[in-house]
Amino acid sequence: MGQIDHIKKIARYGLENDRESLLKSLNEFIEFFRESKKVNLALQLQSLLKESNRNSGNLTKVGSDHYFNQQNERETNDLFIDKLKSDYRLGNLVIDPEVKNELIYFIKENNSIDLLQKFELPVSNKLLLHGPSGCGKTLASYVIAGELNKTMYVVNLGAIVSSKLGETSKNLTKVFKKAALEDSIIFIDEFDSLGKIRDYNQDHGEMKRVVNTILQLFDYLPQSSIVIAATNQENMIDEALLRRFDVNLEFSLPNKSQIEELIQLTLKKGDFKIPSKTALNKIIRQCETLSYYSIQKTLINAIKRTLFKQLDDKKLEHKINISVWSELIELEKKALKK
Ligand SMILES: Nc1ncnc2c1ncn2[C@@H]1O[C@H](COP(=O)(O)OP(=O)(O)OP(=O)(O)O)[C@@H](O)[C@H]1O
Ligand SMILES: [Mg+2]
């Protein structure tokens, strides 16, 4: 982490009034200065920190309201993996035109809440993304967060699903309450994990209770909040739950033209090119059956290896070594078969 990152972190926590994280980040910053041999700055910051601690004297009293709020906040925070803002846009996603169209409408609706409400029309704000791994479900959720400029809470479903009776429903309610208060997006990855409750609990009513809780939470979801759930096992999800999503989008493995689009999109940012149209066609044929993620991974690795090789040969050509890339694709296919 560089100096700028430290400053950004400190600014964010300061503005969010998150004293605990602010202090932690300040300490990390002091450590950073120490390591970069700027001892003087480190000492100055440290004495500022000490002085502030002395003046505020704000140790939280156990049992005070503040203490309980802090505890509550910490408990809810454990239920999220991440809280984020996103810079991703639709242009970052290669996708079937029909699916793209649905995404565009979803974004448009959530950008036009006032208009829709004026005509007493409901906003579609519950979205299910399904399909194989590495085909852009998580990326699509970032795109929605970026296009709508909303904060996204990524839910840790592993932490939410509990073997304790009644606990899963309680956790889900906490998550939804928090996100609803802040007009944000709740992203529930691996939505199919809810199916685990069936295995955990001898009590067969528990699964029903959890499904009912989600249905209720969906019903009370404010129009200004959004739920996005993702899964690669749509068949594991309860029928009643499936029906409650306003939009259900399938993400698939890329076809030939989408493979090409992904390659061009990935190369757009860098200096490297594919040597010829024939080479490109060969690679595209070879990549059929692989996910977007796998294809992009082999391409980036091919670029890095080409770079090392050309530096060794002292001949920087900016042309990707196709046989290296081709080998990496075969290795990826082999690894996936295991
Ligand atoms: N449709 C796509 N368009 C462009 N890039 C993609 C696409 N799908 C995947 N990628 C690339 O692969 C990475 C991983 O994809 P992502 O995490 O969205 O997959 P996923 O469908 O959520 O997989 P999983 O089911 O394993 O969670 C993305 O960050 C992006 O770099
Ligand atoms: Mg994902």
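How far should the twelve residues of helix 7 span at 1.5 Å a residue? They should span 16 Å, and the end C-alpha atoms of helix 7 are 17 Å apart, which agrees. The expected span of a helix is 1.5 Å times one less than its number of residues. Helices (H or I, at least four residues) and strands (E, at least two) are DSSP runs, numbered from the N terminus.

This is a predicted model, in which local features need pLDDT of at least 70, side-chain atom pairs count only at pLDDT 80 or more, and totals for chains, interfaces and linings use all residues. Residues are numbered from 1 along each chain as its sequence is written, while chains are lettered from A and ligands numbered from 1 in the order in which they are written.

**The chain as a whole**

- You will find 16 helices and six strands in the chain.
- The C-alpha atoms fill a box of roughly 70 × 65 × 50 Å, taken along the principal axes.
- Of the 338 residues in the chain, 24% are buried; buried means that 20 or more other C-beta atoms lie within 10 Å of the residue's own, exposed means 12 or fewer, and partly exposed is in between, with C-beta atoms placed from the backbone.
- Among contacts with a separation of 6 or more, 76% join residues 24 or more positions apart; a contact here means two C-beta atoms, placed from the backbone, within 7 Å.
- The domain assignment gives domain 1 (3-59), domain 2 (77-250) and domain 3 (256-337), with bounds that come from an automatic or database domain assignment.
- The centres of domain 1 and domain 3, taken over C-alpha atoms, are 44 Å apart.

**Around ligand 1**

- Which residues come nearest to ligand 1? Of the 16 residues around it, they are Ser-133, Gly-136, Thr-138, Leu-139 and Tyr-292; a residue is near if its C-beta atom, placed from the backbone, lies within 6 Å of the molecule.
- Helix 7 (137-148) and helix 15 (292-312) are the elements that give two or more residues to this shell.
- Nine residues of the shell are nonpolar, six polar and one charged. Here Ala, Val, Leu, Ile, Met, Phe, Trp, Tyr, Cys and Pro count as nonpolar, Asp, Glu, Lys and Arg as charged, and the others, Gly among them, as polar.
- Ligand 1 lies between domain 2 and domain 3, because both give residues to its shell.

**The largest nonpolar core**

- A nonpolar core is a set of buried Ala, Val, Leu, Ile, Met, Phe, Trp, Tyr and Cys residues joined through C-beta atoms within 7 Å.
- The largest one has 57 residues, and those with the most contacts inside it are Tyr-153, Val-155, Ile-185, Ile-186, Phe-187 and Ile-228.
- Helix 7 gives the most to this core, with six residues.
- Domain 2 and domain 3 each supply at least three residues to this core.
- Leaving out residues up to four places away in sequence, Tyr-153 touches Phe-80, Lys-83, Ala-179, Ser-184, Ile-185, Ile-186 and Phe-187.

**A closer look at helix 7**

- Its buried residues are Lys-137, Leu-139, Ala-140, Ser-141, Tyr-142, Val-143, Ile-144 and Ala-145.
- What covers these buried residues includes helix 5 (97-111), strand 2 (126-130), strand 3, strand 4 (185-188) and strand 5 (226-231).

**Residues with a positive phi**

- Most residues other than glycine have a negative phi.
- Asn-149 is not a glycine, yet its phi is positive, about 50°. Asn-149 sits in the loop between helix 7 and strand 3 (152-155).
- Is Asn-149 buried or exposed? Asn-149 counts as exposed because it has 10 C-beta neighbours inside 10 Å.
- Thr-289 has a positive phi too, near 85°, and lies in the loop between helix 14 (277-287) and helix 15.
- With 10 C-beta neighbours inside 10 Å, Thr-289 counts as exposed.
- Asn-17, which follows helix 1, has a positive phi near 60°.

**Two lysines to find**

- Lys-83 lies in strand 1 (residues 80-84) and counts as partly exposed, with 14 C-beta neighbours inside 10 Å.
- Not counting residues up to four places away in sequence, Lys-83 touches Thr-151 and Tyr-153.
- Lys-208 lies in helix 11 (residues 205-220) and is partly exposed, with 13 other C-beta atoms within 10 Å.
- From C-alpha to C-alpha, Lys-208 and Glu-20 are 39 Å apart in space, and they are 188 residues apart in sequence.
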